[in-house]
Amino acid sequence: MNTFEIIESSLGFAEIRSKLLSDCFTPVGRELATGEFFSNRASQIERALALTAEMKYILEYQGGLPALAFDDIREELARIKTHGTPIEIETLQIIAFIIEKMNDLAALFRQNDEKSPLLGTWVSEQQFDRALGKRIGEILDETGEIRSNASERLAEIRKSIVSQRRKIEKNIHSMLKSMKEKGLVDDDANLNMRGGRLVIPVPAAKKRSIKGVILDESATGQTVYIEPIEIFELNNEVQDLEYAEKREIHRILITLADDIRPSTPQLLSNIDFLGEIDFIRGKAKLAMSHQATMPAFSVNNETVLMQARHPVLEESLKRQKKKIVPLDIELRPDQRILIISGPNAGGKSVAMKTVGLMQYMFQCGFLLPAAEGTRMQAFEQILTDIGDQQSIENDLSTYSSHLLNMRRFIETGNAKTLVLIDEFGSGTEPESGGAIAEAVLEILNQKQLYGIVTTHYFNLKMFAANHAGVSNASMLFDNEQLKPLYKLTTGKPGSSFAIEIARSIGLPAEAISDATTKIGQGRIEMEKMVQDLENEKVKLDERRRQIEVGEEFVAELIEKYERLNKSLQEKRAVILVKAENEAKTILQDVNALIEKTIRDIKQEHTEKEKVKAIRKDFEEKAASLVKKSEKIIEPLPMKKQEPVEKTIVRPLVVGDRVRLDGSGDVGDVVSIKNSKVKVQFTNAAITVSHDRLTLVPKNNTKPAPSKKKIHVVAEKKEALHTLDFRGMRAEEALTELEKFLDDALLSGVRSFSILHGKGYGILRTVIRKHLNQYKDMLEYKDAALEFGGEGITEVKFV
């Protein structure tokens with residue numbers, strides 16, 4: 001096996017290649033899927049990743065690509081280079097298919113140029129002969145037959161054949177009828193076909209009574225099938241016409257071959273292009289099945305994997321209805337080589353293979369099954385020493401093969417090399433093996449290589465602790481349940497937990513006791529204590545992360561509350577001014593109406609009918625003014641906020657009771673750092689500037705009367721900002737979404753989540769297509785894997 005075959009076999013890429021091959025349907029696409037596509041050139045890798053990401057978008061949101069499966073015609077195109085060679089009809093059909101698909105792809109990528117600029121530019125650079133496709137369509141019908149109007153001569157020949165066959169059919173029916181009347185054939189006899197010719201079934205005893213050619217006889221020999229001599233001559237004429245038809249078709253195919261010959265280079269280019277598109281589609285389909293994302297290029301010579309998942313292992317675990325534990329790991333200039341230790345079957349080798357596979361997939365242009373934030377660098381080469389590589393043919397033991405690999409690593413490795421070494425130093429006597437491994441590791445470190453090394457050897461762990469560029473890492477282990485957690489932590493070596501595992505599987509107690517004595521009980525207890533501390537550290541880190549998220553959440557709520565309160569105050573002022581102005585206008589109108597009515601009555605005091613008319617007119621106008629006044633928007637009465645006096649007369653200290661400005665909640669000061677104060681409220685702890693806090697006397701913890709409790713808003717946030725559409729029909733979900741968008745724009749919501757579930761992805765696709773209408777106002781993405789992944793769409797107003 002060559003280097004790439006060894007890497008692919010040891011890392012699990014062979015299974016990915018096999019799946020990729022099953023998703024490629026063109027000759028060139030399958031060749032690419034079976035070839036070598038590893039690259040160490042950043043520009044090539046970046047383009048391959050971008051093309052795959054664009055294709056993934058097309059498959060997910062634009063209904064995919066047209067079917068691209070067709071047979072290989074490259075040899076046939078080479079054959080027709082000789083003048084006078086006819087082209088095969090099947091080849092013509094494939095050429096027409098290729099031109100049609102080139103046209104379809106050009107239209108598809110042109111429509112999605114904004115989301116697939118590379119694909120759009122690439123297809124626009126392709127040349128294909130639409131006229132040739134049209135010409136083939138004029139020659140061939142839908143079934144692949146040459147059309148009669150392909151030439152005038154062919155049309156005449158086929159017309160003659162039809163006419164002659166009708167004549168034959170008419171004559172032979174007349175002859176059969178005559179023979180029945182003469183008793184030469186049975187009354188129920190019917191015409192038959194033999195060798196493409198119409199014949200009459202005649203009893204064998206009467207065959208000499210009919211002049212013609214016997215073409216066949218029945219299995220019993222009692223019936224012979226005769227073609228009358230008159231019909232025989234007519235059929236010969238038809239046969240001559242059929243030969244003429246074939247010669248004319250042959251001539252047409254030669255002419256077509258002459259027309260196609262100059263376009264052969266262009267057709268070969270089209271075949272290559274469709275093959276590459278087919279290959280990229282295969283990679284995009286893999287990315288969809290892996291829930292993969294596009295990694296960023298590192299600018300600081302670092303490799304940062306976020307929530308990376310080995311796709312082959314993940315598929316295997318899914319079949320067992322288990323979940324994979326994602327891997328977070330970093331390789332950087334000050335931590336180039338990680339020495340991973342820990343218990344057997346604890347995930348050391350899986351972690352190393354995950355890093356190697358992610359790197360190999362990245363440099364082959366595959367999107368990675370990892371979270372956003374993953375950053376990768378391109379290495380010139382990847383070197384592996386994984387598994388048993390003994391060779392009977394070359395008379396090499398397992399350890400000899402390991403040593404040969406180490407020699408190769410030392411000779412060819414440099415600062416742009418990634419090495420992966422599993423169970424470093426094993427395969428021989430431990431003391432010698434460990435010493436050789438340490439010596440090799442020192443040389444690799446001096447050469448500035450990057451690498452992942454798994455081991456149980458104590459001296460290698462000590463080397464990592466005492467040398468710059470090399471760090472320890474360990475796989476966590478649950479001491480209580482005696483099972484691995486499959487989580488990697490860096491900075492400290494791990495224990496093999498051999499005694500604990502031996503005890504859990506039932507090794508005799510006397511053997512365990514003897515082994516414990518030999519090792520030393522103190523060392524065992526120390527390793528256990530270190531592991532317990534590491535497990536506790538992981539839990540505390542997770543808790544700290546949750547608290548930080550909570551603090552940010554509460555701070556955002558407070559800021560939003562303050563903005564809303566300010567907005568309400570401004571609107572209230574505007575409403576009051578408007579109401580006051582309208583009231584003044586109505587009052588002026590009423591006064592004018594009253595004055596006019598009094599004046600009119602005085603002028604018409606002697607005429608009662610006139611006074612009644614004036615009074616009726618007054619009542620109508622008064623009613624009109626009442627209706628107008630009812631339209632005034634009455635502002636909601638707002639309680640006058642009692643000013644909260646700043647009572648801080650001394651610096652705040654831990655334990656003080658304080659109230660947050662703009663909030664009614666009272667909390668306790670937990671810690672103070674510079675001008676930042678951490679306050680524990682009822683539902684959360686937040687860190688704010690000291691000038692936003694008011695000291696509250698110990699005996700007065702009643703919240704300010706004009707404030708709402710912030711935790712009420714916090715309790716409502718999930719209902720307001722997470723839309724659960726699971727189980728809804730698409731129309732219902734879109735109606736609810738549109739209503740929420742209107743409310744969100746009015747209320748100042750900046751972001752929200754849509755819970756639609758995964759399923760077949762139909763509801764997710766419909767919702768995102770609807771959101772695309774507002775692409776100038778908002779943007780969306782999948783939630784992080786730990787928060788729902790593709791089952792949740794996170795939306796943010798821009």
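A cavity here is a set of points, on a 1 Å grid over the protein atoms alone, where a 1.4 Å probe fits but cannot get out. Grid points are joined across faces, edges and corners, and a volume is the space filled by probe spheres set on the points. This is a predicted model, where local features need pLDDT of at least 70, side-chain atom pairs count only at pLDDT 80 or more, and totals for chains, interfaces and linings use all residues. Residues are numbered from 1 along each chain as its sequence is written, and side-chain values use heavy atoms, leaving out hydrogens and water.

**View 1. The cavity.** Searching the whole structure turns up one cavity of 30 Å³ or more. The volume of the largest cavity is about 90 Å³.

**View 2. What lines the cavity.** The largest cavity has 13 lining residues, with Tyr399, His402, Met406, Phe424 and Gly425 nearest its centre; lining residues have an atom within 4 Å of a point. Helix 14 (398-412) and helix 15 (430-446) are the elements giving two or more residues to this lining. Helix 14 supplies the largest share, four residues.

**View 3. Helix 6 against helix 10.** Helix 6 (residues 89-111) and helix 10 (residues 229-260) pack at about 40°, axes 11 Å apart; helices are DSSP runs (H or I, at least four residues) numbered from the N terminus, and axes are lines fitted to C-alpha atoms over the stretch in contact, with angles from 0 to 180 degrees between N-to-C directions.

**View 4. Residues at the helix contact.** Ile89, Leu92 and Ile95 of helix 6 meet Leu253, Leu256 and Ile260 of helix 10 (contact means heavy atoms within 4.5 Å).

Notes:
On a 1 Å grid over the protein atoms alone, a cavity is a set of points where a 1.4 Å probe fits but cannot get out, and a pocket is an open set with protein on both sides within 12 Å along at least five of seven lines; lining residues have an atom within 4 Å of a point.
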